[in-house]
Every structure is written in C-alpha cells, then in structure tokens.
Amino acid sequence: MDRVFIEQLQVDTVIGVYDWERTGTQKLLIDLAMAWDNQPAAVDDQLSLALDYSAVCQRVEQFAAQHAFELVETFAERLAQLLLKEFAMPWLRLKITKPAAIPKAAGVGVEIERGCR
Ligand SMILES: Nc1nc2c(c(=O)[nH]1)N=C([C@H](O)[C@@H](O)CO)CN2
C-alpha cells in the first residue's frame, strides 16, 4: 500500500501531568505516515480521490486546540482513532514529540501504529 506523510507538523495544546503544564499551551511535533492507494488520484489528477494531507493537518491542529490531555500516550491514541475513522485510512503510524519537556533532550514522546497495513 502507498503512503501519504506529514512531517514535523507543529501544533499547540495543553498537555502534561504537572501543575505548571496545565496553565498554558506547549508545542508538539506530529509525524504521520498514512496508508492510502495513491493510484486512483494519479489517474485523473484528482484531489477528491487522494488522501488530502492539508485536510489532515487542519484536523490535527483542531484536535490539539480542543483537548487538554495529561499524557502524550492519550493524545496519540485518541488522535489515531479519530484519523482512522474520519479519513477512512486503513493504517497509520503516528509519532508525537514533545520538544520542550526535557531540557537536555531534543525531544521525547511516543510512536504508535494502528489499523492494518
Ligand atoms: N510516558 C510518558 N512519560 C511522561 C509523560 C508522558 O506524557 N508520557 N509526561 C510527563 C510530563 O508531563 C513531562 O512531559 C514534563 O516534563 C513526564 N513523563
């Protein structure tokens, strides 16, 4: 199966377990790989048959703005289930990076795969 991908999408969200993390938003970086058959869109050069990565980016940004989870695990799981359902993709790999959480690390976070390849 082909893939459509999004790299290092920056979103702002309230996230974290500590009190100081509950008072404002932090930046998350989102990497997504999504299974999709790209051939039908290519035959007629038609966006309506493609997995529209700009629509996915918009939905991810909206999701981040509307939620305030404590764990990146919860953010990842809930977002993965939403994307599988709303965009009817059969499989995705989703990486959530919290770049400012650990001063001496470039980033920390989780990576999950859901659905069937
Ligand atoms: N596995 C996880 N570990 C930790 C998380 C998390 O979401 N998943 N979160 C924190 C804190 O919120 C941290 O980001 C603040 O530095 C700690 N560990």
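For these entries I take helices (H or I, at least four residues) and strands (E, at least two) as DSSP runs, numbered from the N terminus.

**Entry 1, overall fold.** I worked from a predicted model. I then took the extents along the principal axes: the C-alpha atoms fill a box of roughly 50 × 25 × 20 Å.

I looked up the UniProt record, an unreviewed entry, which lists residues 4-114 as "domain: Dihydroneopterin aldolase/epimerase". I computed the composition of residues 4-114 as 32% helix and 32% strand. The end C-alpha atoms of this span lie 15 Å apart.

Two packed helices are described by the angle between their axes and the distance between the axes. I examined helix α2 (residues 53-66) and helix α3 (residues 72-87), whose axes come within 11 Å and cross at roughly 140°. Because of that angle, α2 is oblique to α3. I noted the crossing of α2 and α3 as right-handed. I next listed the contact: Val56, Arg59, Val60 and Phe63 in α2 meet Leu79, Leu82, Leu83, Glu86 and Phe87 in α3. By class, I counted seven nonpolar, no polar and two charged residues in the contact of α2 with α3.

Which residues are around the ligand? I found Gly16, Val17, Tyr18, Glu21, Leu71, Val72, Glu73, Lys98 and Ala101 there. I sorted this shell by class and recorded five nonpolar, one polar and three charged residues.

Terms used
Residues are numbered from 1 along each chain as its sequence is written. This is a predicted model: local features need pLDDT of at least 70, side-chain atom pairs count only at pLDDT 80 or more; totals for chains, interfaces and linings use all residues. A residue is near a molecule or strand if its C-beta atom, placed from the backbone, lies within 6 Å of it. Ala, Val, Leu, Ile, Met, Phe, Trp, Tyr, Cys and Pro count as nonpolar, Asp, Glu, Lys and Arg as charged, and the others, Gly among them, as polar. Axes are lines fitted to C-alpha atoms, for helices over the stretch in contact, and angles run from 0 to 180 degrees between N-to-C directions. Angles under 35 degrees count as roughly parallel, over 145 as roughly antiparallel, 65 to 115 as roughly perpendicular and the rest as oblique. A crossing is left-handed if the near helix is turned anticlockwise from the far one by less than a right angle, and right-handed if clockwise. Two residues are in contact if their C-beta atoms, placed from the backbone, lie within 7 Å. UniProt positions are given in the numbering used here, feature names are shortened, and annotations may be inferred rather than shown by experiment.
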